[in-house]
Amino acid sequence: MSWRIAIPWLLTAGLMLGGNPVRAENHAALVAGAQREAQLNIADAAPGENFTKFLAAFKAKYPFLDLATGFYSAPTGRVLARVNAELDAKHVTFDVMLAANMAAFVKMTRAGKLQRYDSPEYAAYPPNAKQDGYWAAVQAIGVIMAYNENRLSANDAPHAWADLLLPRFANRQIALQNAASGTQFNQIYLLQQALGLDYLKKLGAQRPVVMATSAQVTDAVIRGEVLIGATLDHWRAFEPAAAKAGLRPIYPAEGMPLTLAPVGIVAGAPHPNAAKLFMDFILSQEGQTLLDTKLYGMYSMRPDVPPPPGQKPLAETKPLLPTNLDDYLRASAQFPAEFDSLFH
Amino acid sequence: MTAHATREEGDSIVAVEGLAVWHGPVPAVRSLDLTVRRSEILTLLGPSGCGKTTTLRAIAGLEAPRGGRIAIDGRTVFDAGRGVNLPPEKRGLSMVFQSYAIWPHLTVFENVAFGFRARGIGGDRVREAVRRSLALVGLDALAERPATRLSGGQQQRVALARAIACDPGVILLDEPLSNLDAQLRLAMRAELKELQRKLSLTAIYVTHDQEEALVLSDRILVMRQGEVEQAGAPAEIREAPASRFVAEFMGVRNIFPCMVAGGQGGRPVAMLTGGVRLETRAAATSTGPTFVCFRPTSVRLFAAANGGGYPGTLVRRALLGDLMQSVVRSGELEICAHHFPGDGLSEGDSVRWSVAPDACFLVRA
Amino acid sequence: MIGTAATVRRSDVGAFRLLRPRWPSPERALFIAAAFAVTLLVAPPLVAVVATSIGQGAAAALLTPLHQPAILLNTLVLGLAATTGAVTIGGGLALMLGGNGVPGRGLLERLVIVPLYLTPLLTAIGWSWIGSPRSGLLNLFLHGVGLTEVDVNMVSAGGVVAVSILSYAPLPFLLISDALRGIDAAMIEAARVHGASRRFALRRIVLPLLLPAALASSLLVFVQAIGMFSVPAVLGMPSGFNVATTEIFRLLENYPPRIGEATAWGLYLLAVTAALTFAQSVLLGRRSFATITGKSFRPHVPGRSKARHLYAAAAWLYVLLATVLPLLALLWAASIDFVTADPRLMRLTARHFAFVLFQYPKTWLAAGNSALLGVATATLVTLLGLAVSWVVIRTRLRGRTSLDQLSMVPLSMPAMVFALGLLWVYVAIPFLPIYGTIGILLVAYVTHYLPFGVRAAAGAIRQLHPELEEAARVAGASWLQSMRWITMPLLRPALFASWILLFVMALHEVSASILLYTSSSTVLSVTTFDLWENGNPSDVAALGFAQLAATFVIVGFLLRARRRAVLA
């Protein structure tokens, strides 16, 4: 065999067998850098204790990283406020931020407050769930309805958003989530896009009860305080304890507004290498499956990740996402006042 | 500057010059001088608000005077001009407070021994001194009793024992008897005098009770509105008050305004309203309004039928202890007389009254 | 005779003012240290709040509260209603239990103040389950006994006011009871002898004498009520009854956080409370809180009133509503599988307690932090309060009144507003490592509770005759020795009592903590609120009940220890 033919074949074979050598080299450099940094500070808005389990899996891969010392867990609004306060004061302690407010991430990217890292994992995400190199949605929370089967039969339960306007759900029989949290704006905006402002006004006329959080909406339905929980985080309806208490989910016929929770690296992060390793992990198929399918019961935007047990695959739920980001941002600024006028 | 250009017998233990103490905008003591000689009891006497307690506290270091000098046993403890102000614990005094200030969480022994403990002295010497002091006030049996279980009189004695235990140069006493009932007060008064004599204590005593002052003191300073009105031996204060204020304070009940004229033998005659003329025993030295004074015990009353004296009506009488008090209205004058009961007179009677010439004296305003 | 000494003439007196001889340095040193500490605690956040509300978005933000007249009105209504109710009930209980031979009086007096040791957050949560319009236990009970027309709804403005009244009534009760005890029996007896009936004597003699205490407790309750976050958050927000604190919380939870508006609300709250504090000091002037303190003085001797059983019943009713029912609600919710009003679905379980105590990682972290903060806060506040009060009452140093007033400022600052100020101050000082740690919480707690410490110490010091300290000084003890051997031992019982109360209050602080905590410096109140927002309500109940049980045990233990120490 002539050497001139063999060498390209050997090279190609080598490439295919050894993986991308450039990739491998980058990864090794990142690990070396992370070993020097030895710490990663995460600001996380994902609720509950499941995120700690997720971090444990990450730590198993990189045991030299201290994830506990700089870990900050709080609701979305507070996470964003804290990180931005630090950025304003030019004293950044956080490396990575995860919060359920896409508008915020868009704004921060435009303002140069996020650090660019072209992780190879970005390729797997659809364009409406990321801003290449800056952030991608690692959790997708659907907004659905739920009822208590001990109080309502499956027939009498609503099947579509429009059913909420029926007379039997009037007068404090519906529970909504308060405007304060970041997810609520997203839900109401998408419902308005899909069903019109008129729908929201009529929903307001039903005099729903406004609860502080999604957990309380769930509780109100279980307790029997209201008949229907509207704007419920979908994964709550699939929790075993809730199911045992009689909670049943409803995928509305018109579609399911989707709230995305992006993750990104903060500009000026003190431990950039460790941050990049983390991005690679959380955006990967392995990471997404662990985080969403196994731990949280939430949807992932990666098509190669299966839906959590018992839930409809994402494509079948008719997911609703914002189409015009500028309009989205503009509306987000006016939101709390608008919500108050509709529902108080 | 250490004091004493001259040393007399019984030299000054406490010397105060020009003391001025202000409470906010109000002067409580204005430019007061006093000296206390060794083994003497000096009493500051006066009504409330006259500044006597303030003076005492200033000497103790419990008040911050505005001006003046205080020297104790030759040491300057306070000098406004040179910014000297020793704290109380460095002045070498002891004090009996009006409220006794017995510490409730300590025993009687611990209360009395406190001064030693504060100076870091302990052991047998302390025990001996404490027992001796308690014995002197008659409380040696109560040494181990918690202070909360003492009666008022017992507390007072403990306070006294505490004051004498450390052999202080000077003892300050702030109305120590005023919280006791009448009988106990008399008994304690006698005991105090006895104690002072036995131990040759030097003391400054504050009281508003003129009787107490007369019994206990070697010298009295009568104070009024922050100043000394009169200073002198008890007899002097009693017999020759320098002003109407002092006379009133010392219990001279009959004080009347009068005009002074010369009389036989150089003795001034006081002319009162209603034509009453009384011969007085000494010449008043100052000009200005003059008053004639005489004690109730100097007044003699007799039935109207007898001659002599001036006419009057017996308006009321009351029995005060051993003596009878009779009030006689004579023209515009109201005469107060103290005499033994059993004179046969009754209220409403017309009587005549007179006063011995030696008993009247003149004071200025 | 003394040698040459300066003769003091009147005209010289003025010159001496500069050389005024002072007390030795320990007092002055204490004054300076206390003033320094208090200023450092109080001033920066106050300035930061004012500056921030003017800086960020300026005048426009300052006016936003005026665009929300409903919230302004709600806040004022809450304040007024809570104050009126609390003073009426607390004062009423004080008068009823004060001297009528009420059976079980000693026990009742102790039970009535238990809400001080509870936290309004848990009381509100308990009542939200008892008084929910549809699934509330109370309504189910009432409907079950046939009163189907009655519908109690505690998740409403009325509920917020009611729970606030129940939580704060102990404050006027304490202050007015104290004042009542301070009235010399002779005063009332004099009135009776001169022909006044019992009721007339009450109206014309007792009530006017209680006025300073009533006014003082009114102000206290009002400031607490309008600055309170937990009760309106739990019972008000779901029904649309929003007040200034929930609005601040909402504005900051938002993204982007509307800082200018939030601090503008804070400034409004501050202005209202400052104005009222000023008005109170003008009204009461120098009138002391103690009534007659004569030499021979007996406290009011109780008689026996015909209505004493009625009074006892009223007191027990209060205890039931304020303490027993909420606690039972918590225990109930914690012990069943999930919170439901359907008796058929109630299943007993211990899994919530197990989760909270053994599985939830935040529980012990938060408990440890809370305990540490509680001890540190109580100790620091007691010491600082003692220093300030001692300087104010016992010395004649110039500027001590300003120190007293400065240390009272936190009373007019709602804790949440104060926390805002702290955030801005410490985020901007990177070299001070307390941001994001327990340290910043400690700063917030100490400053917030400083006025209580100062007042408690003031009360204790006033009971102590100054001549006790003076006697020690004249007997030869230095200032420090007098402090150590005389003042401190005599103050210890009273200070220990206030220490215990401060410890418990610090354990339950929520309004400031909720803005300043991080996951490593979280405290029990925040963890409870977090579970309430995001978790299982039964878990909240389990955590709450466990927390209260532990508090009671610890406090009981401490009180017993104190009683033993006092008797010894």
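Buried area is the accessible area, found with a 1.4 Å probe, that two parts lose on being put together, summed over both. With that in hand, welcome to this predicted model, in which local features need pLDDT of at least 70, side-chain atom pairs count only at pLDDT 80 or more, and totals for chains, interfaces and linings use all residues. Residues are numbered from 1 along each chain as its sequence is written, chains are lettered from A in the order in which they are written, and side-chain values use heavy atoms, without hydrogens and water.

Let us start with two interfaces, side by side.

| Interface | Buried area | Share on carbon and sulfur atoms |
|---|---|---|
| Chain C and chain A | about 3,900 Å² | 48% |
| Domain 1 and domain 2 of chain A | about 1,500 Å² | 70% |

**Between chains C and A.** Contact (heavy atoms within 4.5 Å) takes in 44 residues from chain C and 46 residues from chain A. A salt bridge is a side-chain nitrogen of Lys or Arg within 4 Å of a carboxyl oxygen of Asp or Glu; 1 is found across this interface. It joins A:Lys244 to C:Asp337, with the closest N and O atoms 3.0 Å apart. On the side of chain C that touches chain A, several helices supply at least two residues each, including H6 (120–130) and H17 (361–394). Helices here are DSSP runs (H or I) of at least four residues, numbered from the N terminus. H13(C) gives the most to that side, with 4 residues.

**Within chain A.** An automatic or database assignment sets the domain bounds: domain 1 covers 3–139 + 261–311, and domain 2 covers 141–258 + 317–342. Their centres, taken over C-alpha atoms, are 30 Å apart. Each domain brings 17 residues to the contact between them. A:Arg110 and A:Asp326 meet here through their side chains in a salt bridge (3.0 Å, N to O). Helix H5 (residues 102–110) of chain A gives the most to domain 1's side of this contact, with 5 residues.

**A helix in chain B.** Finally, visit helix H2 (residues 108–118) of chain B, where 9 of the 11 residues are buried, so the helix is largely enclosed by the rest of the structure. Buried means under 20% relative accessible area (1.4 Å probe, protein chains only). Among the buried residues are B:Phe109, B:Phe114 and B:Phe116. Their cover includes helices H3 (124–136) and H4 (152–165) of chain B, together with H21 (466–474) and H22 (479–508) of chain C. Just after H2(B), B:Gly120 takes a positive phi of about 75°.

Key: Buried means under 20% relative accessible area, exposed over 50%, partly exposed in between (1.4 Å probe, protein chains only).
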